[in-house]
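The sequence and structure come first.

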Amino acid sequence: ISETASPGTRVPLESAYDPDSGSFGVQSYEITPNDLFGLETKTRGDGSRFAELVVEKSLDRETQSHYSYMITALDGGDPPNFGTVELNIRVIDSNDNNPLFEEPSYTVSVPENAPSGTPVIRLNATDPDEGTNGQVLYSIHSYVSEKARDLFQINSQTGLITVSGAIDYEEGHAYELDVQAKDLGPNSIPAHCKVTVTVQDANDNPPLINLLSVNSELVEVSENAPPGYVIALVRVSDRDSGANGRVQCKLLGSVPFRLQEYESFSTILVDGRLDREQRDQYNLTIQAKDNGIPSLQATKSFTVKITDENDNHPHFSKPYYQVIVQENNTPGAYLLSVSARDPDLGLNGSVSYQIVPSQVRDMPVFTYVSINPNSGDIYALRSFNHEQTKSFEFKVLAKDGGNPSLQSNATIRVIVLDVNDNTPVITAPPLVNGTAEVYIPRNAGVGYLVTVVKADDYDEGENGRLSYEMAEGDRGFFEIDQVNGEIRTTRAFGENSKTTYELIVVAHDHGKTSLSASALILIYLSPALDAQESIGSVNLSLIFIIALGSIAAILFVTMIFVAVKCKRDNKEIRTYNCRDKAGVQFEDEVRYSLCFLVSCRIAEYSYGHQKKSNKKKKISKNDIRLVPRDVEETDKMNVVSCSSLTSSLNYFDYHQQTLPLGCRRSESTFLNVENQNNRNTGSNHIYQHTFTGQSPQQPDLIINGMPLPEVSMERTHGK
């Protein structure tokens with residue numbers, strides 16, 4: 001709606017749709033909020049009702065350009081149903097505002113000899129209209145003097161008045177400019193203002209700057225020049241006198257140099273760190289300004305070139321490189337390129353590459369890769385094998401040609417990918433010339449486990465994952481598990497079945513180019529074997545554990561039986577058991593052990609003599625006694641039983657590594673009980689068994705008048 005729309009203006013709106021008819025159809029419309037606009041419900045000839053938007057108050061786009069309302073349509077039901085829709089109103093602009101300057105007149109001054117383009121004043125006229133109605137153009141009125149129009153000009157878009165000619169105070173002291181501002185809308189009414197420009201008399205002799213250097217346009221300085229280093233001398237002069245002839249100099253811009261002023265000259269010094277790689281030259285501008293009113297100034301520009309020094313290390317594009325190569329590559333194959341940049345110039349920036357010495361699998365890295373010293377291209381010197389070397393790392397050194405040279409390094413990681421280059425090898429069942437023989441019972445039923453085919457593949461992933469299948473042979477009688485390689489029967493064998501079956505089993509991997517190995521398996525039906533249903537895979541480890549457990553249980557029961565037997569036999573020979581008067585027994589564990597050995601030797605000896613004599617005479621423990629050999633009748637010896645011997649072992653010293661029981665050798669030692677008193681201090685548990693004759697002969701163990709062969713025992717203290 002145009003902002004020029006007067007109150008009472010009507011705008012028809014789209015009617016609401018209600019499928020009901022009659023009083024249940026659309027009956028009225030409402031607008032929310034109801035401020036500048038209202039709604040009036042109208043009825044068409046067909047009885048349908050629609051709404052008209054009515055402007056109730058004057059509109060001003062500059063005050064508000066957009067409105068948003070909610071229109072509600074209600075039917076005649078009880079309660080009424082309603083529908084809503086959002087109504088957006090945009091107020092269209094009209095050229096009802098004129099441009100307006102901030103001031104009706106302006107007074108400005110400009111120095112003489114002001115250069116062309118010098119800004120004088122920027123005028124600003126505002127128009128609140130939009131679009132072309134609010135776009136203002138500026139111009140100098142045509143009745144302004146031609147001289148003024150030659151000296152000044154105005155930008156029609158920005159309203160900036162600038163100097164366009166040579167201004168001389170002696171030719172004119174002031175100029176009046178009538179400026180007009182007009183919008184581009186229809187029926188535009190322009191606005192006017194007056195600008196008075198006064199010319200100020202000024203110092204018209206600028207300073208003169210001279211650079212005292214070998215080359216007045218170019219100065220060279222090393223990037224290693226320290227702060228305070230003098231790079232140039234400057235002399236400034238001004239033909240004016242007094243304040244207009246006193247000149248001040250300064251160096252413009254943010255540069256690592258400074259200007260030091262003296263009475264008759266100035267110097268330019270280094271005032272910061274110079275780095276040719278960051279910036280190789282500077283454009284310096286010296287500004288000289290006098291103290292006149294207005295002040296005049298002059299500038300002098302020259303170039304400072306920074307010469308190079310070897311102060312930068314070669315820098316790799318990245319510190320870590322990684323390349324992936326498939327195994328079985330061709331020796332000499334290109335792997336990758338490394339790149340290092342040195343921002344220095346000439347030899348200081350020329351980079352060469354070399355490999356840092358290191359080891360890969362106990363071999364010099366130079367046997368694996370090489371590098372082009374100029375380009376940084378890295379090549380493989382051998383064919384890599386993933387099964388031996390999955391990856392390896394080495395370092396590359398980059399060195400510049402400076403003196404002294406600077407260097408840096410980067411790490412290279414080579415990952416060797418697996419290729420399906422290893423053929424599966426069948427390891428089970430054992431093959432002889434590619435053939436394995438397996439025997440199964442003739443009455444083996446369906447599902448009987450014939451054998452398990454196993455194969456190894458040194459490749460990884462899919463290249464090493466194996467599957468099994470039967471390629472040829474009697475496949476109607478057998479089947480194979482593709483995953484675990486189990487071969488089972490698929491039918492029972494009858495009496496008329498043949499005795500030999502052949503199968504060609506193939507193990508193949510899942511590489512892109514699959515490799516395989518095959519074996520001929522000869523299956524023989526043997527009636528001598530008992531068939532057992534094989535359900536599931538046989539757990540050999542479980543069978544092994546059960547066997548070991550059974551053997552251990554048998555040994556344990558045997559040991560218990562022997563221990564009980566020895567204990568019962570001990571009770572029968574208590575009359576020979578060595579005890580002290582208090583009847584305290586010695587440790588049963590040692591007694592049982594020795595008693596067991598003696599019993600075994602007795603049984604062995606007795607059995608041997610029974611075979612010779614064929615006499616089945618039972619040996620009683622009462623028939624066993626210890627007698628001295630070649631001892632005079634006057635010598636005294638206490639009778640020692642099995643129990644006393646075993647219980648006294650802790651207190652005998654042995655001169656040899658065996659305990660001679662019934663030993664016949666004259667050089668064999670006897671049971672020595674010296675120092676026994678020292679060992680049994682505070683104890684009364686041991687009888688002292690003494691041979692008074694000090695004979696080198698030892699007592700024999702006599703069974704029914706026959707000596708028992710010697711029994712060797714380990715010499716063990718404390719047992």
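1. Glutamate 460 is partly exposed, with a relative accessible area of 36% (buried means under 20% relative accessible area, exposed over 50%, partly exposed in between, with a 1.4 Å probe and protein chains only). Lysine 390 is likewise partly exposed, at 41%. These two residues form a salt bridge, their closest N and O atoms lying 3.4 Å apart (a salt bridge is a side-chain nitrogen of Lys or Arg within 4 Å of a carboxyl oxygen of Asp or Glu). The pair links distant parts of the chain, 70 residues apart: lysine 390 sits in the loop between strand 32 (377-380) and strand 33 (391-400), and glutamate 460 in the loop between strand 38 (454-456) and strand 39 (466-473). Strands, like helices, are DSSP runs numbered from the N terminus (strands E, at least two residues; helices H or I, at least four).

2. This is a predicted model, in which local features need pLDDT of at least 70 and side-chain atom pairs count only at pLDDT 80 or more, while totals for chains, interfaces and linings use all residues. Residues are numbered from 1 along each chain as its sequence is written, and side-chain values use heavy atoms, with hydrogens and water left out.

3. The average pLDDT of the chain is 76, and 76% of the residues score at least 70 (pLDDT is the predictor's confidence in each residue, from 0 to 100). For residues 531-538 the pLDDT stays under 50, and the model has 16 contacts for them beyond four places in sequence (contact means heavy atoms within 4.5 Å). Residues 575-719 also have pLDDT below 50, with 206 contacts in the model beyond near neighbours in sequence.

4. The salt bridges number 13. In one of them, lysine 42 meets glutamate 40 with an N to O distance of 3.0 Å. Both side chains belong to partly exposed residues, lysine 42 at 28% and glutamate 40 at 27%. Another salt bridge joins arginine 276 to glutamate 277 at 3.2 Å, N to O; here arginine 276 is buried, at 8% relative accessibility.

5. Strand 3 pairs with strand 4 (residues 49-55) in the antiparallel sense over 7 bridges. Within this pairing, phenylalanine 37 stands opposite valine 55, and glycine 38 opposite valine 54. The two strands form a hairpin with 5 residues between them, and glycine 47 in the turn has a positive phi of about 95°. Strand 1 and strand 4 run antiparallel, joined by 3 bridges; proline 12 has glutamate 52 as its bridge partner. Strand 4 is largely enclosed by the rest of the structure, because 6 of its 7 residues are buried.

6. Threonine 489 lies in strand 41 (residues 486-489) and is buried, with a relative accessible area of 1%. A polar atom of its side chain lies 2.5 Å from the backbone oxygen of glycine 445. Leaving aside neighbours within four places in sequence, threonine 489 is in contact with residues including Ile440, Val446, Tyr448 and Phe477.

How values were computed: Polar contact = N/O pair within 3.5 Å; in protein donor to acceptor, adjacent residues only side chain to side chain. Pairing = 2+ DSSP bridges.
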